[in-house]
Amino acid sequence: MEKHRIAVICGDGIGPEVVAEGVKVLEASAARSGSFGFEFTYFPWGCDYYLRTGVMMPEDGIEQLSGFDAILLGAVGDPRVPDHISLRGLLIAIRKSFDQYINLRPVKLLEGAPCPLKDRTPADIDMIFVRENTEGEYSGCGAWLYKDSPEEVVIQDAVFSRKGTERVMRYAYGLARSTGKPLTSISKGNALNYSMVFWDQIFREVGREFPDVRTNTLLVDAASMFMVKAPERFGVVVASNLFGDILTDLGAAIAGGMGLAAGANINPERRYPSMFEPIHGSAPDIAGKQIANPMATIWSAAQLLEFLGHADEASRVLSAMGGVLKEKRVVTPDLGGTARTRDVGDEIASRL
Ligand code: IPM
Ligand code: MG
């Protein structure tokens, strides 16, 4: 029987609670199918680990992860550790080291999920974001000169390589082609005269390989307005690292909240493991209380199933989750219920 080896990093805050439910559902899915199995290996990395050891993960952490088929990650961040240290030391380090250059984030309103937009239904909100995930505004390139002096200067460079930009565009066009959805590119070429003019150019160039795909370009500020006023305009959306980061939180807000926002960090060539994580943070204020919604993690787990070649199982997980959401009997407080985190996982797993 095919056995998938999964590295599990629960991380901080609500991470361990929501990941436990993701793992539960993956186990249930494998058991249901009978044709594959999972072997989970846990890594205790995160902010507690940092406070004990001075590093977010061991020096050979990336090497330790490299042999796995996929990584399931909970959340990273703790008020006791500066965010740029915790995130750059773990989450962003993994995304970059494993060249997970596609961050795939569904923004899909499921039936039963709360939507703050008036009169909107699931038919109106069904997009998928392709966020560039390794360079752009997150390149980590820059300088801090004359620190703590009146002449202090800070430079944070955005880096857009031709290779990095072409490959994210090509992926997005491919996804638009295979799903039949229109493709929107998010830009700011009117103000960012190098990076975003280049971005627009590559969008057009790669588009020549995909004449069948319907396209348009929106400036990021206008896009944020249209996501609220006319979300039905969006299908596949391709965006740079920072723009994609910001718009997918807006996406989470219009599609049921952070408790339902899933994500996958993908290395499409499969040279390295891909990583699946809910896009919400560690939510330290509600950690350990069993009130966090595990659905975002379970949705990410469905993305993991699909990535490992089990698309049927992935859609079973999603429809089980959709059923629970619609009935609203076993949902967490963010969705107006009183169920605990583990009850939701149990309910979804039992429906498989
Ligand atoms: C996300 C998060 C991260 C990001 C943070 C925690 C560094 O906001 O995954 O969207 O900006 O990529
Ligand atoms: Mg974010």
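How far does a polar side-chain atom of Arg105 lie from an oxygen atom of ligand 1? In this predicted model, the separation is 2.7 Å. Two further residues approach ligand 1 through polar atoms. For Arg131, a polar side-chain atom lies 2.8 Å from an oxygen atom of ligand 1. For Tyr138, an N or O atom of the side chain is 2.5 Å from an oxygen atom of the ligand. Taken alone, ligand 1 exposes 320 Å². The protein buries 76% of that area.

The residues around ligand 1 are Leu87, Arg95, Arg105, Arg131, Tyr138 and Asp245. Sorted by class, this shell has 4 charged residues and 2 nonpolar ones. It has no polar residues.

The packing of two helices was examined next. Two packed helices are described by the angle between their axes and the distance between the axes. Helix 1 covers residues 15-33, and helix 12 covers residues 341-351. They pack at an angle of about 10°. Their axes are 9 Å apart. Angles under 35 degrees count as roughly parallel, so helix 1 is roughly parallel to helix 12. From helix 1, the contact is made by Glu17, Val18, Glu21, Lys24, Val25 and Ala28. From helix 12, Thr341, Arg342, Gly345, Asp346, Ile348 and Ala349 take part. By class, the residues of this contact divide into 5 nonpolar, 2 polar and 5 charged.

Two single residues were then placed in their surroundings. Glu166 lies in helix 6, which spans residues 162-179. Glu166 and Phe203 are 37 residues apart in sequence. In space, their C-alpha atoms are 7.7 Å apart. With neighbours within four places in sequence left aside, Glu166 is in contact with Ile202, Glu205 and Val206.

Val154 belongs to strand 7, residues 153-159. Which residues does Val154 contact, leaving aside its neighbours within four places in sequence? They are Ala143 and Trp144. Glu63 is 91 residues from Val154 along the chain. The C-alpha atoms of Val154 and Glu63 are separated by 33 Å.

Definitions and conventions
Residues numbered from 1 in each chain as written. Chains lettered and ligands numbered in written order. Predicted model: local features only at pLDDT ≥ 70, side-chain atom pairs only at ≥ 80, totals over all residues. Heavy atoms only, no water. Near = heavy atom within 4 Å. Polar contact = N/O pair within 3.5 Å; in protein donor to acceptor, adjacent residues only side chain to side chain. Areas by Shrake-Rupley, 256 points an atom, 1.4 Å probe, with all protein chains shown as cover. Nonpolar A, V, L, I, M, F, W, Y, C, P; charged D, E, K, R; others polar. Axes fitted to C-alpha atoms, helices over the stretch in contact; angles between N-to-C directions. Helix = DSSP H or I, 4+ residues; strand = E, 2+ residues; numbered from the N terminus. Parallel < 35°, antiparallel > 145°, perpendicular 65-115°, else oblique. Contact = heavy atoms within 4.5 Å.
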